Amino acid sequence: MTPFDLVITGGTVVSPEGTTVADVAISAGRIAAVVAPGTALDAARVIDASGRHLLPGIIDVHSHHREPGFTHKEDIVSATSACAAGGVTTSFAMPNVDPPPNSAERLAAMIELYQAKAIIDWNINPAGTVPENIAEMATMGIAAFKVFMVVDTGRSYPHMPGIGVHDHGQLLEIFETVAPTGVRLMVHPHDQELMDHIERKYWDRGERDFRAYAKAYAAYDGIIWDTAAALLLRLQLATGTPLHLLHTQTTGVVEQIRRAKSLGQDVSAEINPWAVMLGNDWANIERLGSYALSYWVPEENTEPLWAALRDGTIDVVSTDHGPHTREEKEPGWTDGWKAHTGTPSAQFYVPLLLDAARRGRLSLERVVGATATDPARIFGLAHKGRIAVGMDADIAIVDLEREWQITDDVVLSRIGWTPYAGRTITGAIDRTIVRGAVVYEDGHVIGQQGWGQQARPER
Ligand SMILES: [Zn+2]
C-alpha cells in the first residue's frame, strides 16, 4: 500500500459534538483515515501533535482583503498570510473593493486575482446590487451575495458606488431576484434614514470626535440595527431568500433572530470579534479611539451576545476583518466620521476565542461549530468544516496551554497594527494545513501563492 502523504499523530480532534484522541492520515489533500492513536500508518511525513488539539480549518465568511483598489492597506497575499497564521483555511472576501464585483465580468477578474495569489482557500461574496447581474454571478461558484444597507453616496470609501442599497423597494427586488438562485444573501443591516437624523443631532452640537461617532451608531440602544434587521427578516419571510444577517450586536436583534428561527425562517447570523472582545468595553474606545471602532457595543449586550452564540441563535463567528492604515484611523481623535470604520482580526480571532473558551465564555466544541462546522453547513461547503474521512484536509493544530502576548510586530496585515496588541492570552496556532499542505508552522507562513482554491458550495 502506498504511504499516506501526511499523518498527524496523537492530537485531540475537536468537533461540535466532542473531542477524541486520534491519528489523522491525509492523502491527495483529503482526510483518508481517522484511527486510534498508535495505529501503525506508513507516511511520507509525520507530525507529532501530542498535547495539541486539531480543529477543522477555520472558515471566515466575512473578510475585507482590499484587493483590487486598496492594496496600500491589504492585499490578497497579506490577507491570506494573516489567515494562515491565524488558523484560517478558507476566507470569503467582501465586495467593497474597486471596482466592486457587481457583474459577472468584474467577478471573473477578481476570481483570476485570487487564483494567482491566495495562499489559503477563498471565495468572493459579490455585491448583489444590480438585479440583472445576479443570476449569472450565481453560477460562478459563489457561496453568498452581499449588500450593504447604506446610502450609495458615490464616495470612494468606505461604501463606493455599486455596493449600497437602502431603498426598501430596491431591497425587495434584490431579495426576489436572489431567491431562485438558492444563494444566501448577506446583508449589513443599517437604517440610513434614522442614522441621517441621529448624526445631524451630533453634528449640530459640534460633536464629531470618536466618542460622538461611537455613541451615534449605538443611539437608542442600537435602534439603527434593530429596525434594519426587522425589515430584512420581513423581506426574508416574504421571499424565502436565505438570509445571513451580519454584525449582530444588539440584544434587540438577537431577540428578532430567535423569533425568526422559531418560525422556521431560513436565517443565519454572525457575530464579529469586536462585538464581544473589543468594542464592548468603553475603556478600549477611550484608549484607542477609532482604532477600536468597528462599532461601540454597549456592555449590557455582552452577556446576551455570548449566550446567543453559545445556544446557536447566532450561528457563526466571522471576523469582519477590516484593515485600515494608521493615517486612515488618526483623524478619528477629532472627527470620527473622517476615520475609516473597521478593525482587523483575521490573524488573532481564533486564539482570542480559544482564550475566551478557557475562561468559560463558550465551549471548545462551540468554537469549532461557530468558526468551521456551521459556516461550512450554512454556505454549502460540503467537504469542509469537519475532520472526517473524505473531507478536505484543512486543519488548524492549536496549543491550548501556550500563553503569549499579541504585539504589533507579529501582524502580517500590511497595516502593521492590531487593536488587540498588549493582550496576554492562552491559546495559540501551531500549524495550519490547507488541503494537506502545511501553510503555516514555527511562526512562519510557508504556503505558496496560488495554492488556494475557490471554496465552491455544493447545492
Ligand atoms: Zn465587513
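Visitor: What makes up the secondary structure of the chain?
Guide: The count is 14 helices and 17 strands, where a helix is a DSSP run of H or I with at least four residues, a strand is a run of E with at least two, and numbering starts at the N terminus. This is a predicted model, in which local features need pLDDT of at least 70 and side-chain atom pairs pLDDT 80 or more, while totals for chains, interfaces and linings use all residues. Residues are numbered from 1 along each chain as its sequence is written, and side-chain values use heavy atoms, with hydrogens and water left out.

Visitor: What makes His62 and His64 donors of the zinc ion?
Guide: A donor is an N, O or S atom within 2.8 Å of the metal (3.2 Å for Na, K and Ca). NE2 of His62, NE2 of His64 and OD of Asp320 lie 2.0 to 2.1 Å from the zinc ion, so they qualify. Water is not among the atoms, so the site may look incomplete. Along the chain the donor spacing reads H-x1-H-x255-D. Both His62 and His64 are buried, meaning under 20% relative accessible area with a 1.4 Å probe and protein chains only (exposed is over 50%, partly exposed in between).

Visitor: How do you know that E6 and E7 pair?
Guide: Pairing takes at least two DSSP bridges. E6 and strand E7 (residues 88-93) have four, in the parallel sense, so they pass.

Visitor: What makes a set of residues a nonpolar core?
Guide: The members are buried Ala, Val, Leu, Ile, Met, Phe, Trp, Tyr and Cys residues joined through side-chain atoms within 4.5 Å. The largest such core has 109 residues, and Leu55 and Phe145 have the most contacts inside it. Helix H7 (residues 219-239) gives the most to this core, nine residues. Apart from it lies another core of 16 residues, including Val13 and Ile397.

Visitor: Which residues does Leu55 contact, leaving aside neighbours within four places in sequence?
Guide: Among them are Val14, Val350, Leu354 and Asp394, contact being heavy atoms within 4.5 Å.
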